[in-house]
Amino acid sequence: MDNLLQQLGLVPFFTQQLEDSALLQERVGRVIVVQRSKSTVVCASGERVVDLSPALQQADAVDRPTVGDWVVLDEPLSRIEKVLERKSLFKRLSVGTRNEIQPIAANIDTLFIVTSCNEEFKESRLERYLALCREAGAMPVIVLTKADLTEDATTYVSRARKTQAGVAVEAINALDPESLASLQAWIDSSSTVALVGSSGVGKSTILNTLAGHSLASTGEIREDDKKGRHTTTHRELHILPSGGLLVDVPGMRELRVADLSNSIDAVFDDIEMLAAKCKFADCKHEAEPGCAVLQAIQEGKLDTRRLSNYKKLLRENAMATATLAEKRARERDFSKMVKGAKTIKQNKGEA
Ligand SMILES: Nc1nc2c(ncn2[C@@H]2O[C@H](COP(=O)(O)OP(=O)(O)O)[C@@H](O)[C@H]2O)c(=O)[nH]1
Ligand SMILES: [Mg+2]
Ligand SMILES: [Zn+2]
């Protein structure tokens, strides 16, 4: 197997999906950038900017290639013919009214959920990311940047640890290579890590410090206008000199959830465990008698904020999931109608 493909994280999970191993020599590659209809793919022979096959152009957003995907190109190496089955996929419900699942990064082993040791830190946002990470099938690490700018990084660490039982938390100074050694432990030679988090928390700085030189531009964000200054405009997969791959995912204002009630339950398994002890099986933990969850709040064992965020995520998820299901049903009906119309036309033609 080509060394470059190995460096890009090609593992048997993907090669096993190829009917013909000869494809490996030239037509298999990994998507490192997606911009509108063009994708940049690295193959054994190098980097190419390619289009999508007509079938992929028509496919649902979630089935189209995204950064991190392994793909098979056509013979002239000018377009993507096939997206190989993904090991994991970080995704969200699209912003706006289209209500489609939007893929963010594919085949991610570890997700660095980046936040800062300052007022930017919000448990509720971390819990949302953790549910999305669990759904993606990646391993979460909460990375607390700007630990050098505060006296009490340990307070932030213990707050972060409470967002999910057993979750890994690292406090760092993203500008200091020595401080990043703790992160290096999570990046082995064929693994892919995605950096997510709000704008300005230090994602690009982490990438640059790990790379040893500037790969992505970094900068202060302007607080005075909502536009901010988006220093990273696109998602890109980078090979680190020490091995391993890193995707810098620019700050996303909205991370809408859909189709992930099981993952939400898993992140909040402390609440789930308490709920099993409620008197009523369908307890909503609002004001019911014998509610073990409310009792835990009274006893100071559970945070009101955590319970309301749990309910909020479940509500948002249920609404989005219903909207998606409706949309899928409408699309099915429409395609049935189109097929029906075609059959009528054909029958008439034959008569
Ligand atoms: N002192 C300090 N500054 C940091 C740290 N991480 C990021 N910064 C600074 O915060 C600003 C935003 O960082 P950037 O990497 O562009 O954030 P991004 O939007 O998440 O990619 C830059 O000026 C960085 O130098 C840190 O751990 N310590
Ligand atoms: Mg950036
Ligand atoms: Zn209850």
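This is a predicted model: local features need pLDDT of at least 70, side-chain atom pairs count only at pLDDT 80 or more; totals for chains, interfaces and linings use all residues.
Student: Okay, what sits just after H8, and what is its phi?

Tutor: That's Gly 212, with a positive phi of about 85 degrees.

Student: And what makes H8 largely enclosed by the rest of the structure?

Tutor: A residue is buried if 20 or more other C-beta atoms lie within 10 Å of its own. H8 covers residues 203-211, and eight of those nine are buried, so the helix is largely enclosed. They're Lys 203, Ser 204, Thr 205, Ile 206, Leu 207, Asn 208, Thr 209 and Leu 210.

Student: Which strands do those buried residues pack against?

Tutor: Four of them: S8 (110-116), S11 (192-196), S12 (236-239) and S13 (245-248).

Student: Which element gives the largest share of the shell around ligand 1?

Tutor: H8 again, with three residues. The whole surround is 20 residues, and the closest are Ala 174, Gly 202, Ser 204, Thr 205 and Thr 218. By class, that shell has 12 polar, four charged and four nonpolar residues.

Student: Let's switch to Gly 29. Why does Gly 29 count as buried?

Tutor: Set its count against the cut-off of 20 or more. Gly 29 has 28 C-beta neighbours inside 10 Å, so it counts as buried. Its place is in strand S1, residues 28-35.

Student: Which residues is Gly 29 in contact with, leaving aside neighbours within four places in sequence?

Tutor: Val 41, Val 42, Cys 43, Val 71 and Leu 73. For a contact, the C-beta atoms have to lie within 7 Å.

Student: How many residues are in the largest nonpolar core?

Tutor: It has 82, and those with the most contacts inside it are Phe 90, Leu 111, Ile 113, Leu 144, Ala 194 and Leu 195. Helix H5 (123-136) gives the most to this core, seven residues. Looking at Leu 144, its contacts beyond four places in sequence include Thr 115, Cys 117, Tyr 156, Val 157 and Ile 172.

Student: How do you know that H5 is close to its expected span?

Tutor: The expected span is 1.5 Å times one less than the number of residues. With 14 residues, H5 is expected to span 20 Å, and from its first C-alpha to its last it reaches 20 Å. Gly 137 follows H5, and its phi is positive too, near 90 degrees.

Student: Is H5 mostly covered or mostly open, and what makes you say that?

Tutor: Mostly covered: 11 of its 14 residues are buried. Charged side chains are on that list as well, including Glu 127, Arg 128, Arg 134 and Glu 135.

Student: Where do the domains fall?

Tutor: Domain 1 is 3-83, domain 2 is 89-248 and domain 3 is 261-339.

Conventions. Residues are numbered from 1 along each chain as its sequence is written. Chains are lettered from A and ligands numbered from 1 in the order in which they are written. A residue is buried if 20 or more other C-beta atoms lie within 10 Å of its own, exposed if 12 or fewer, and partly exposed in between; C-beta atoms are placed from the backbone. Helices (H or I, at least four residues) and strands (E, at least two) are DSSP runs, numbered from the N terminus. Two residues are in contact if their C-beta atoms, placed from the backbone, lie within 7 Å. A residue is near a molecule or strand if its C-beta atom, placed from the backbone, lies within 6 Å of it. A nonpolar core is a set of buried Ala, Val, Leu, Ile, Met, Phe, Trp, Tyr and Cys residues joined through C-beta atoms within 7 Å. Domain bounds come from an automatic or database domain assignment.
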